[in-house]
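Hi,

Here is the structure I said I would pass on.

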Amino acid sequence: MGADIEIILLNRDKKVIKRETLHRIYSCDIVARETAPGYRKVYDYIRYSRFVQEVLGKSSYDQVVVFTIANALFLSPYLLKYYRGRYIFDIRDYSPLVGYSGPVLRRLLKNSSLNVLSSPGFRAWLPKCESVICHNVRPSFLADSVGQARDIDCRNIVVLTIGQLRDYETNRWVMESLGDKPAVRLQFSGKGIACESLEQYKVEQGYNNVSFTGYYHKSDELSIVDGCDFMNIILPDDKLSRHLISNRFYLALLRRKPMLVSEGSIQAEYVKKFGLGIVISAEDNIFDKIIAYARLFDPHAFEQNCNRLLQQVKFDTEDFSKRILDSSIV
């Protein structure tokens, strides 16, 4: 849009540095662990909201984009007093605060210039409101990062889990299901709070077909995905995971990789509707389902299935862009 942009950042791990963007950054450096207790997180958000209000109070902004429910709730008195009708409310995930903040959340959604959701599944737990979908994928990716499906060799199948390794129990179950199975290799690429425990479990069980490749550069992400046959997107059965669309989902869609997704999730609805992989329930034998799927896999038909959903994603992305322009007062 050619607008001047300034960023007010809660820089929890100090990984963001100013040379990464041409925009001015106001960085609130509050170092905190992802596993910090709830009271510490509340305290940090109070400190951050005060920092944000100080920055907003010193400048005259036309519009504010507020990311996450927690930020919006802690800033709600200020937003509703000074930026009513001039803030975009962007919701990327579920927050436990939803259950304690119904009236305030409804006011925030009602008085924004635009409400943006990263998944239509969020409408299941949000107060009723007008909203637009902004998928977790860059428009340039939709145009330039589409791969080709390939045949699956049933004697050498690679199942990839890529990104943040946050959940121990679900990933341990997948490892237990596929560990030392013939013809299958399970690869974990990325780091996270569950990584060390998962690596220890692998050693304890003596699984020779499980590997951890650690942290990777974003520029290497597509090549890592291209090396697999299935993308593991099995998530915990909780309110957040049931309704989100993960970054891995889009990676699998764009690079033409069949997905393993959890029964009862919105991702499972897409996989069933468009024929994008395997829906896994707690009672399933993951290995048997993978082998059966691989034997019948048709790369050409699978690409057509991916294209049908990509068309919907592109339509949503175009609609989001139009709505941003329509709601802007810049």
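Asp 284 and Lys 289 join their side chains in a salt bridge, 3.3 Å from N to O; the term stands for a side-chain nitrogen of Lys or Arg within 4 Å of a carboxyl oxygen of Asp or Glu. Asp 284 has a relative accessible area of 25% and is partly exposed, and Lys 289 is partly exposed too, at 31%. For those labels, buried is under 20% relative accessible area, exposed is over 50% and partly exposed is in between, with a 1.4 Å probe and protein chains only.

Before I go on: this is a predicted model, where local features need pLDDT of at least 70 and side-chain atom pairs count only at pLDDT 80 or more, while totals for chains, interfaces and linings use all residues. Residues are numbered from 1 along each chain as its sequence is written, and side-chain values use heavy atoms, with hydrogens and water left out.

More on the salt bridges. The count comes to 14 by that rule. One of them pairs Arg 172 with Glu 176, again 3.3 Å from N to O. Both residues sit in helix α6, 4 residues apart, or about one turn of the helix. (Helices are DSSP runs of H or I with at least four residues, strands are runs of E with at least two, and both are numbered from the N terminus.) Arg 172 counts as buried because its relative accessibility is 18%, whereas Glu 176 is partly exposed at 40%.

Another salt bridge links Arg 242 to Asp 237, with the closest N and O atoms 3.0 Å apart. Arg 242 is partly exposed at 28%, while Asp 237, with a relative accessible area of 63%, is exposed. There is also a network of salt bridges that ties together Arg 40, Asp 44 and Arg 47.

So which charged residue is buried yet has no salt bridge? That is Lys 257, and the nearest side chain of opposite charge, Asp 226, is 5.1 Å away. (Lys and Arg count as positive here, Asp and Glu as negative; His and the chain ends are not counted.) Lys 257 lies in the loop between α10 and β11, the latter being residues 259–262.

Next, the second largest pocket. It holds about 220 Å³ of space. The lining is made up of Asn 136, Val 137, Arg 138, Phe 141, Lys 218, Glu 221, Asn 247, Tyr 250, Leu 251 and Leu 254. Helix α10, residues 247–254, gives the most to that lining, with 4 residues. By type, the lining divides into 5 nonpolar, 2 polar and 3 charged residues. Nonpolar covers Ala, Val, Leu, Ile, Met, Phe, Trp, Tyr, Cys and Pro, charged covers Asp, Glu, Lys and Arg, and the others, Gly among them, are polar.

How the pocket was found: on a 1 Å grid over the protein atoms alone, a pocket is an open set of points with protein on both sides within 12 Å along at least five of seven lines, and lining residues have an atom within 4 Å of a point. Grid points are joined across faces, edges and corners, and the volume is the space filled by probe spheres (1.4 Å) set on the points.

Two backbone spots to check. Most residues other than glycine have a negative phi. Thr 68 has a positive phi, near 80°, and sits in the loop between β3 (64–67) and α2 (69–74). Thr 68 is partly exposed at 23%. Ala 183 also has a positive phi, near 75°, in the loop between α6 (168–178) and β8 (184–189). Ala 183 counts as partly exposed at 28%.
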